[in-house]
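Open the model in your viewer and keep the sequence panel beside it. This tour goes from the whole chain to single side chains.

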Amino acid sequence: MKMLSKNSQVKTVWLMLLFGMFLILSSCYGDGIDPDPEVETLISNFAANGAVSIGKNGNVYVSEYGRFVDTGGSGTRVFKLSPKGKILDTIRGLSGPLGTAQDSKGNLYVNNANNTVNGQVLKIAPNGDRTVIATIDGWPSSMTIDRNDNLYISNYTAPTVHKISSDGEVTVFANDPRLLGGVGIDLDSKGNVIVANFYTADIYIIDENSQISLIANIPDIVIQNFGIGYITVVKDVIYATGIAVNYIFKVSLDGTVETIAGNGEALQVDGPLLEASFSNPNGIAFNKHSRTFYISEYTGVGGLRIIKL
């Protein structure tokens, strides 16, 4: 009996030591998060240079906007990728596609056929059927979708954000001169719409009553009217691409701006966050399950870059 008791005490001590080591590691490394995340190239020489979104099962959609020619983009495809970067499908026959979003039923929505006068919101069903569900004046540029399958559409050449309800009703959700130049768009945890202005690098929040407030301006990043490419919102923190200055920014809802990745050089070089380089980072999206950012590049050799947290 004494021997059993002594063995039990020894086991208890060892368990306490192991638990203590776990607590120390957790406090140092933050719930298993890599303390030193790096920028990695998932795909190099990649034609898709536009918006990035995360769909069902963590699949990644990347638009091939191409280059501006005459009245729209020269690209014709949206790529569907696995979380690890395998091309699962190529959606063809599009015209300068930009923002994408997928609803709970698996339908994919695409900003398509922008011609500086108006653009289409195209719905692609899982079986491939295509329907234009709205034609919006201006240049509908990007989109996001809420938990009730309502779409919100930003506008590059009109001061509007449109809403398309899950039953197809199209309304102007917000109209304000400050929204002219809107591209990046996402939602915070309360359902507020966050819009980033491509021209000015201003970031705005729009509440449920369509009231608009400035969150922040990212200073000194606009070059030849290229400011913020796209944004994604993760746990009420905004992540934005500085398309002309080759940085990734983190912006809190209180307006604090921080550079989190990039060294400012227009190159495609992997490495620690602030030592790596991007070639005009543009689209950005976050897979909350794998805790991975996916970032497209607008120029250079083209690539899909990732940052794993």
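The stops below say what to select and what is there.

**The whole chain**

Begin with everything selected, and keep in mind that this is a predicted model. Colour by secondary structure: the protein chain has one helix and 27 strands. Of its 309 residues, 50% count as buried. Show the surface next. The accessible surface comes to about 14900 Å², and carbon and sulfur atoms make up 53% of that area. Among contacts with a separation of 6 or more, 41% are between residues 24 or more positions apart.

**A charged patch on the surface**

Select Asp36, Glu38, Glu40 and Glu275. Together these residues form a patch of negative charge on the surface. Now select Glu275 by itself. Where is Glu275 found? Glu275 sits in the loop between β24 (271-272) and β25 (281-287). Is Glu275 buried or exposed? Its relative accessibility is 57%, so Glu275 counts as exposed, given that the cut-off for exposed is over 50%.

**Salt bridges**

Side chains of opposite charge can pair when their charged atoms come close. In the whole structure, a search finds four salt bridges.

Select Glu64 and Arg77. Their side chains meet in a salt bridge, at 2.9 Å from N to O. Glu64 belongs to strand β3 (residues 60-64) and Arg77 to strand β6 (residues 77-81), so the pair ties together parts that are 13 residues apart in sequence. Glu64 is buried, with a relative accessible area of 11%, whereas Arg77, at 21%, counts as partly exposed. The two fall on either side of a cut-off, because buried means under 20%.

Move on to Asp176 and Arg178. This salt bridge is also listed at 2.9 Å, N to O. Asp176 is buried, with a relative accessible area of 15%; Arg178 counts as partly exposed, at 35% relative accessibility.

**A buried network**

For the last stop, select Glu297 and Arg305. Their side chains form a salt bridge of 2.7 Å, N to O. How accessible are the two partners? Glu297 has 0% relative accessibility and counts as buried, and Arg305 also has 0% and counts as buried. Hide the surface to see them. Which residues does the network of salt bridges link? Asp270, Glu297 and Arg305 are its members.

Definitions and conventions: Residues are numbered from 1 along each chain as its sequence is written. This is a predicted model: local features need pLDDT of at least 70, side-chain atom pairs count only at pLDDT 80 or more; totals for chains, interfaces and linings use all residues. Side-chain values use heavy atoms; hydrogens and water are left out. Helices (H or I, at least four residues) and strands (E, at least two) are DSSP runs, numbered from the N terminus. Buried means under 20% relative accessible area, exposed over 50%, partly exposed in between (1.4 Å probe, protein chains only). Contact means heavy atoms within 4.5 Å. Accessible areas come from the Shrake-Rupley method with a 1.4 Å probe; for residues, only the protein chains shown count as cover. Patches are made of residues with over 30% relative accessible area and no salt bridge: like charges are joined within 9 Å, nonpolar side chains (Val, Leu, Ile, Met, Phe, Trp, Tyr) within 5 Å. Lys and Arg count as positive and Asp and Glu as negative; His and the chain ends are not counted. The place of a charge is taken as NZ of Lys, CZ of Arg, CG of Asp or CD of Glu.
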